[in-house]
Amino acid sequence: MRGSPAGAGFPLVAAGLARLLRMKLLSAGKTRVRGRMPWSRRIVQRNGVIHGGALAALADSTGGVGAVILAGPGRRVLTAEMKMNYFSNIAAGWVDSDARLLHRGQASSVWEIRLYSGGRNRRLLALAVASYVTASEEP
């Protein structure tokens, strides 16, 4: 994912799996984060649709950006739990993610992340609820 709340580079997800899956950050704030991931032959199942693990990575990355923004600079955020329901999939195009804050605690946050097919025939592909915990400092 690339981008940031201010539109400049967002270093939290500039490397690793998010980069490998070519995720982009569309917008980010304390209560909502939006991202995108393109379909690619590198991330499909045998039947040509995006692997559920890639969809889960997009959901976790999108919710995680929001949790990091809430935690603030120098704080470490870890995924504590994520539950995902899959409804549909795509064999071309891209996936849009929309993460919304459900609950904010002193050292945790819970996000609902909806994944949609991109384009004119937008449909719900998956729904995740993820919990993130905040540790005291980066290692």
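This report walks through the fold of one predicted protein chain, from its overall layout down to a few single residues.

## Ground rules

The model is predicted, so local features need pLDDT of at least 70 and side-chain atom pairs count only at pLDDT 80 or more, while totals for chains, interfaces and linings use all residues. Residues are numbered from 1 along each chain as its sequence is written, and side-chain values use heavy atoms, with hydrogens and water left out.

## The whole chain

Let us start with the overall plan. The chain has 2 helices and 6 strands, where helices (H or I, at least four residues) and strands (E, at least two) are DSSP runs numbered from the N terminus. Along the sequence they follow the pattern α-β-β-α-β-β-β-β.

Of the 139 residues, 43% count as buried. Here buried means under 20% relative accessible area, exposed means over 50%, and partly exposed lies in between, with a 1.4 Å probe and protein chains only. The accessible surface of the chain comes to about 7700 Å², and 51% of this surface belongs to carbon and sulfur atoms. Accessible areas come from the Shrake-Rupley method with a 1.4 Å probe, and for residues only the protein chains shown count as cover.

A contact means heavy atoms within 4.5 Å. Among contacts in the chain with a separation of 6 or more, 59% involve residues 24 or more positions apart.

The 6 strands form an open sheet in the order 1-2-4-5-6-3, with antiparallel pairing. Strand 1 (24–28) and strand 3 are at the edges with a single partner strand each, so one side of each has no neighbour in the sheet. On average, neighbouring strands of this sheet are turned by 20 degrees against each other, direction ignored. Strands of a sheet pair through backbone hydrogen bonds, either parallel or antiparallel. In this report, two strands pair if DSSP finds at least two bridges between them.

| Strand pair | Bridges | Facing residues |
|---|---|---|
| Strand 1 and strand 2 (residues 32–38) | 4 bridges | Lys 24 and Arg 36 |
| Strand 3 (residues 76–86) and strand 6 (residues 124–135) | 10 bridges | Tyr 86 and Ala 126 |
| Strand 5 and strand 6 | 9 bridges | Trp 111 and Ala 130 |

Strand 1 and strand 2 form a hairpin with 3 residues between them, and Ala 28 stands opposite Val 33 in strand 2. The hairpin of strand 5 and strand 6 has 6 residues between the strands, and in this hairpin Gly 119 takes a positive phi near 100 degrees.

## The helix on the sheet

Helix 2 (residues 52–71) has 20 residues and reaches 28 Å from its first C-alpha to its last, close to the 28 Å expected at 1.5 Å a residue. That expected span is 1.5 Å times one less than the number of residues. Just after helix 2, Gly 72 takes a positive phi of about 95 degrees.

Ser 109 sits in strand 5 (residues 108–117) and is buried, with a relative accessible area of 3%. A polar contact of 3.0 Å joins the side chains of Ser 109 and Trp 111. Such a contact is a pair of N or O atoms within 3.5 Å; within protein, one must be able to donate a hydrogen and the other to accept it, and residues adjacent in sequence count only if both atoms are side-chain atoms. Leaving aside neighbours within four places in sequence, Ser 109 also touches several residues, including Ala 67, Leu 70 and Tyr 132.

Val 133 belongs to strand 6. The C-alpha atoms of Val 133 and Ser 109 are separated by 6.7 Å, although the two residues are 24 residues apart along the chain. Is Val 133 buried or partly exposed? Val 133 is partly exposed, with a relative accessible area of 34%.

Arg 22 lies in the loop between helix 1 (16–20) and strand 1 and is partly exposed at 42% relative accessibility. Its phi is near 60 degrees, a positive value in a residue other than glycine. Most residues other than glycine have a negative phi.

Notes: Axes fitted to C-alpha atoms, helices over the stretch in contact; angles between N-to-C directions.
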